[in-house]
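Subject: Structure handover

Hello,

Here is the structure for you to look through. My notes on what was found in it follow below.

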Amino acid sequence: MASSFVAVFEIASFAAIIVLVVLGLGIIASMMGIFNFAQGEFVLLGAYITYLASSHGIPVWIGMAAAPFLVGALGFVLEALIIRRFYAAPIVAMLGTYALSLIIREIVRGLIGGLYLSVPEPIGGSIDIGSVHVSAWRFVIIVVTIAVMIGCYLLLARTSFGLRVRATLENPALARASGISTARIYGATFAFGAALAGLAGALVVPVFSLFADLGIRFLIQGFVAVMVGGVGSFMGPVAGAAVIGTMSAALPWVMAPVIADVLVFVLAIAFIKFRPQGLLSGKGV
Amino acid sequence: MAETEVAGLAPATAQATTRWNVLPILEAVVLVLALALPLVLPDYLTVFATRVAILALFALSFDLVWGYAGIMSFGQALFFGAAGYGVALLGRDLNISNLLIVLPAGVLIGLAFALLLGGFLLLGRHPTSMIFVALGTLTGSYAADRLARGWYYLGGQNGIPSIPPMTLGAYEFEEGPVFYYFALALLVVIYLLCRFLVRSQFGLALAGLRENETRIAFFGYKTQHLKAIVFAIGGAIAGLAGSLYAFHEGFVWPNMVGVVISTQVVLYVLFGGSGTLIGAVIGTVIIEGVSFWLSDNYRDVWPIILGVLLLLVIMFRPLGLISFVLTERERVGRFGITPTNDGHEKVGHGAP
Amino acid sequence: MSEFPGDLSRRRFLSGFAFTAGAIATGVGSWVIRPDWANAAEGPIKLGIATDLTGPIGYAGNADANTAKMVVKQLNDAGGLLGRPIELYIEDTASNESVAVGNVRKLIQRDKVDMVLGGITSSMRNAIKDPIVARGKTLYIYPQLYEGKECTPYLFCTGPTPAQQCDEFIPWLIKNGGKKFALPSANYVWPHVLNEYARKVIEASGGEVVFEEYYPLDQVDFSATVNRIVSNKVDVVFNTVIPPGVGPFFKQLYEAGFQKNGGRLACVYYDENTLNINQAAEIEGLASCLDYFKVLTKDDPVSAKIQAAYEKDYPGNFLFAAGSAATGTYRGLMLWAAAVKEAGKVDRESVAAALDHAKITEGPGGPAEMVPGKRHCKMKMYTAVAKSGNYEIVARSEGLVDPKEC
């Protein structure tokens, strides 16, 4: 009983991490139709900012709070300068954002010297429930993820800004004709997606430690999750992330971790092949 | 895509025939330089040049697949590395290092994997989106990397070291000028074969595929099969490169199938210029060469510079460096129709 | 041995790189350190070091390069070898096997060194041994603790082997931890082969291996493993997971109450450099078995002298530690110097023949002797336990421990 509770908790916390990372990727892919190869590097930047804060004596949670804003701002700037040239050609977008990711990743690698750096968590230790110990921080991650998801949903469904975003999502031409500045919406969306990635990086760095290739491992899982979930909606990528995250965390409990690793990807690609529209097709929230 | 000069435009035609064809000149220059290299370089630099030649062969496979068929294969290293591992296992477990066996084995392994993956990703009732193919190949390469890293029989993280040198009868191919010329010869042969392929009628269909896939489909061409064939050929060439690489370096390791090498070859071709074959070679030479010379002092900065250059190329010169010297018209090529002075079309076979 | 990091920031990394002061860059990733005096007739003896100066293993590689510089300077100041000074060529293997092979070729083909010492991870050793020993026909000394079974001729190992790390350590663990062992491991050659040996010793000493598992190197989520350890009431976790996984693994183990319930952590590569990966509380009581710990300098004057000399010339974050191959480098170079003096020549055959039975009386942690015919080295071993972020020696070997290889 206790053991299965621990199992569920651990799987849920890992899935939550993936959801957080993929949320931004999915929003950008749904809205602008491009796969942002640099998303992993936004995660890395979020983690790096948090590390910087903690290594300079600033409390970690301040670094974590600042990371999404800083990364979001960078995303906004990048979108205006570079990304918006790529909207017409998704393949070129992949290559361009790949080049961008290379730049960001190597800059960070140069700054941290290719090593693995640890960052302490703001709320450490474990929560004891009877005889079961669960990591307090991972619990916090689950809570934050749920809060972020609810916040995003409310933003999209209940605010006028969200209304404009949804309009641009469903029919950009008509939205423009109705007077909505799609360029600004795209800029805001990209910034938002980047900010989410930054948040994910900040929250995750105490668990995974900081290293230059942190982004790549999430990137591929992220892409697969978005495709499995379905591009074009808000809940689609989230569903995909939940599925991929759950599978990645749960399979190692029942089989050798090495096989579990590969199996997740094989199953995902097979699924996409036979259901290209993903789990939840359709646009909008 | 054919150049049709009508009699009425005689003056323009006259100008067209006196324009230099840059491409063959470029190819000739590169070839001459490559042949002369071991004569001027010390041995250990010739060894480096051999590695570059093998990587150029690998880049060629990607150019074929992307530059000519429009398939963004982000996982070319899967075929490169799989062939490398395959021949390494032959060398380690069965003690086979005869080049007449291992090189064809590499080609077959690359071909097999490409048929499998390409068949899965490209064929089917509905044509698959290019994004799916790109991500699918990327995932394939990544999954292979994870598998190679985890499978102890393949050496796991450490890979397979101490591969015996390639042999031909009693002769061992040690690194040095001999291996260099051998690799160069293979590169030239494959290059010429590719050149022939893309200038042929098959190449014409590919050009149409690149420009407008649905229209070509309406003409009756089976676009999916075309793509799968090119993908398979690309895989075979990558496999050949992989087996050469394994024997030259003497070891294989999981990075050879992984995402880094996959994306590196994309870099080479993007930089040099896709869809020209020689662009792939030039891109490889430039990037590898500059990496080598700069990595001492600017080890940390060079990848950043590379990324910036690449971004600039993608944004402003998507056709690569070669577009500085090559016109788009020449890049696409003429399919057997050579304009002549008197304005009549003369149909010929093969490329200008 | 294995791939793993320390805790360095770029600033410190670069300052440690100031070892290049005095070194002349001769091209891509290469340096040469020319001696102060010359032997006009025969020229200098050329020594090549191929180690990871950059990349994740950079903290260990730089320590090794510094140690080599220190030893060569000492030897040159004492008159060199055979009346000839030693010229040191350093190549960066960059924690990247592909780059390493290219750079090692330079040592062999361009610089034509008489001996190469280096490689830290097993995969690096495997990648460069061919260009050095087989194709390059040069002597090669490998200084790091590893999994054993390296019996290539002309390849000498001066780091601890599984026999040296397990034979006395595991009985100590059973007495001071318990009988039930878990072997969580990184999935590559060193843990696989080490575990084979460890399992034999565990079972021969009355212990029991509850489970043995292998994880991908970048796995950071060990909840399933921790759960298995706790529910099976494992007493000793004989860990061969390496960074980046080891930090999160130990943290998750601690959070699940492993140490609270009396469990003992054991990790044979843990040295002063790796102490920083986790918070002190998370690794309290961790036991390690190496050929040297810095705390030995309190009662061993030879070790104190070596440590002091190193810290004087190379203060900073590249520590002289046994898990980073620095002690093996020192030992290897001194043994080689002894062999060269005995052989009277520098060609491979003569030196190898002399190195086969070379001995030194003064080394870090104690004297050392090569076992004739086996190309491995006897040395003293120490068991230490981490207490509040520092090591305390809890057991010493009686004398020199046999490597039992080849």
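**Chain C as a whole**

In chain C, 67% of the 406 residues count as buried, where buried means under 20% relative accessible area, exposed over 50%, and partly exposed in between (1.4 Å probe, protein chains only). This is a predicted model, in which local features need pLDDT of at least 70 and side-chain atom pairs count only at pLDDT 80 or more, while totals for chains, interfaces and linings use all residues. Residues are numbered from 1 along each chain as its sequence is written, chains are lettered from A and ligands numbered from 1 in the order in which they are written, and side-chain values use heavy atoms, with hydrogens and water left out.

Chain C has twelve helices and 17 strands. Both are DSSP runs numbered from the N terminus: helices are H or I with at least four residues, and strands are E with at least two. With a radius of gyration of 21 Å, close to the 22 Å that the globule rule gives for 406 residues, chain C is as compact as a globular protein of that length. The radius is taken over C-alpha atoms, and the globule rule is 2.2 Å times the number of residues to the power 0.38. The C-alpha trace of chain C spans about 70 × 45 × 40 Å along its principal axes. Of the contacts in chain C between residues at least 6 apart in sequence, 71% join residues at least 24 apart; a contact means heavy atoms within 4.5 Å.

The size of an interface is often given as the accessible area lost when the parts come together. Chain A and chain B bury about 3100 Å² between them, 86% of it on carbon and sulfur atoms. Buried area here is the accessible area (1.4 Å probe) that two parts lose on being put together, summed over both. Chain A brings 34 residues to the contact and chain B brings 38 residues.

One salt bridge is found across this interface, a salt bridge being a side-chain nitrogen of Lys or Arg within 4 Å of a carboxyl oxygen of Asp or Glu. The partners are B:R146 and A:D261, with their closest N and O atoms 2.8 Å apart. There are also four residue pairs in polar contact between chain A and chain B (both at pLDDT 80 or more). A polar contact is a pair of N or O atoms within 3.5 Å; within protein, one must be able to donate a hydrogen and the other to accept it, and residues adjacent in sequence count only if both atoms are side-chain atoms.

On the side of chain A that touches chain B, the elements giving two or more residues are α4 (90–112), α9 (214–229) and α11 (257–274) of chain A. The largest share, 14 residues, comes from α4(A). The residues on this side divide into 27 nonpolar, two polar and five charged. Ala, Val, Leu, Ile, Met, Phe, Trp, Tyr, Cys and Pro count as nonpolar, Asp, Glu, Lys and Arg as charged, and the others, Gly among them, as polar.

**Where chain C meets chain B**

Chain C and chain B bury about 2600 Å² between them, 49% of it on carbon and sulfur atoms. The contact takes 33 residues from chain C and 31 residues from chain B. One salt bridge is counted between these chains: B:E249 pairs with C:R105, and the closest N and O atoms are 3.9 Å apart. Two residue pairs are in polar contact (both at pLDDT 80 or more).

At least two residues each on the side of chain C that touches chain B come from β1 (24–27), α3 (97–110), α4 (122–134) and α7 (189–204) of chain C. Of these, α3(C) gives the most, with seven residues. The residues on this side divide into eleven nonpolar, eleven polar and eleven charged.

**Some single residues**

B:S61 is in helix α3 (residues 43–68) of chain B and is buried, with a relative accessible area of 0%. Its side chain reaches the backbone oxygen of B:F58 at 2.6 Å.

Most residues other than glycine have a negative phi. C:K137, which is not a glycine, has a positive phi of about 50°; this residue lies in the loop between α4 and β6 (139–142) of chain C and is exposed, at 58% relative accessible area. C:K404 also has a positive phi, near 55°. C:K404 is in the segment after β17 (390–396) of chain C and counts as exposed at 52% relative accessibility.

Regards
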